[in-house]
Amino acid sequence: MTASPPLRTGLLLVALGAAVLAPALGGCRGDRTDARPRQFFPDMDDQPKWNPQSETEFFVHQDGTRRTQRTPDANTVAFARRSFNPEQHASDAWAKDYTLERASFLAEDDAYYTGQTAPDSFVAVIPATVTREMIELGRQSFEINCVACHGYKGDGQGTVAKLGYSPVPANLLDPKFSDPSQRSAKDGHMFSVIRDGLWNDNTGANRMPAYGHNVSPDEAWAVVAYIRVLQAAQNASFESANLSDAVRSELLRTRPAAPASEGGAP
Ligand code: HEC
């Protein structure tokens, strides 16, 4: 069915009207203007209300202040709030982060959660048993959070470093990060650099950003363990490596030459 000419003109007008009106009504999002905003529901916008942390003439608190926020009356029951019981939600995936966060708030083991036993007294050795899984976790976290600056090998040659990041990211293979007599080599010091960042003692300027928001205490110790692996790997020789015969012969196995039809050996 084809629309009659008057109907077609009508449709065209409606479409044109919509095209003109839509931008006029919506304005351009993000543009700044001094004009009063258009109010579509003025009674909702303009209803009397008190903003939090502001002052009111309406009532005075017992302490003489005029805060808009009032102390709840005695025996007030907070609505829609319940205390969180981690045992009750042990098997719920959504509760995992809450449970971890709660545990870290309640944590009393300073050595484990701060890397220090007292201010500026860093633990020398990771206060946990280092396992293969932990090193693997450390590798993952290191590759997510650290390689951009410190490089995959930890030598300070990450992409961001090569582009001229200032200050120059540390070469974690430098002996000052492995010689136990040095403060910077203490496991606890590395842990605190990862979680809290590194700051210039005199000016307070940031030298390395903090990664505590993305690296939990467990992960930070795992990263320290992985840095120790990177350091040890630098000086390891094939002969000194403690390899089983099977692994050794697998590594020494020469690659068979590719068949001639595939273009020969690379
Ligand atoms: C945005 C770049 C950047 C990222 C990402 C980064 N670092 Fe750093 N890091 C630096 C810089 C820059 C320095 C050296 C600062 C200086 O010497 O003034 C440094 C220094 C260090 C040091 C030496 C601290 C000392 O005592 O001198 C350690 C250890 C370290 N980083 C570990 C890490 C680990 C582990 C990660 C990942 C969780 C990480 N960094 C992520 C930039 C970065």
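Predicted model: local features only at pLDDT ≥ 70, side-chain atom pairs only at ≥ 80, totals over all residues.
The iron atom of the ligand has two protein donors, NE2 of His150 and SD of Met208, at 2.0 to 2.1 Å. Around the iron atom, 6 donor atoms subtend angles of 86 to 178°, and the arrangement is therefore octahedral. For six octahedral donors, the ideal angles are 90 or 180 degrees. Histidine 150 belongs to helix α6 (residues 147-150), whereas methionine 208 belongs to strand β4 (residues 206-208); the two lie 58 residues apart in sequence, so the pair ties together separate parts of the chain. Both histidine 150 and methionine 208 are buried.

Aromatic pairs number 7 in the structure. One of them is formed by tryptophan 50 and phenylalanine 59, whose ring centres are 5.9 Å apart. The planes of these two rings stand at 85°, and because planes over 60 degrees apart count as edge-to-face, the pair is assigned to that class. Tryptophan 50 is partly exposed, at 47% relative accessible area, while phenylalanine 59 is buried, at 12%.

A second pair consists of phenylalanine 191 and tryptophan 221, with ring centres 4.2 Å apart and planes at 20°, so this pair is stacked. Distant parts of the chain are linked by the pair: phenylalanine 191 is in helix α8 (residues 187-196) and tryptophan 221 in helix α9 (residues 217-235), 30 residues apart. The relative accessibility of phenylalanine 191 is 1%, and this residue counts as buried. Tryptophan 221 is also buried, with a value of 0%. Together with Tyr112 and Tyr113, the residues Phe191 and Trp221 make up one aromatic cluster.

Threonine 68 is located in the loop that runs between α2 (42-45) and α3 (96-105). Its relative accessible area is 9%; buried residues are those under 20%, so threonine 68 is buried. A polar atom of the threonine 68 side chain lies 2.9 Å from the backbone oxygen of asparagine 51. When neighbours within four places in sequence are left aside, the contacts of threonine 68 are Trp50, Asn51, Pro52, Gln53, Ser54, Glu55, Thr56 and Phe59. This list includes Trp50 and Phe59, the residues of the edge-to-face pair described above.

Notes:
Residues numbered from 1 in each chain as written. Heavy atoms only, no water. Phe/Tyr/Trp six-rings, centres within 6.5 Å; stacked < 30°, edge-to-face > 60°. Buried < 20%, exposed > 50% of the residue type's maximum accessible area, 1.4 Å probe, protein only. Helix = DSSP H or I, 4+ residues; strand = E, 2+ residues; numbered from the N terminus. Polar contact = N/O pair within 3.5 Å; in protein donor to acceptor, adjacent residues only side chain to side chain. Contact = heavy atoms within 4.5 Å. Donors = N, O, S within 2.8 Å, 3.2 Å for Na, K, Ca; no water. Tetrahedral: all angles 85-135°; square planar, octahedral: opposite > 155°, others 65-115°.
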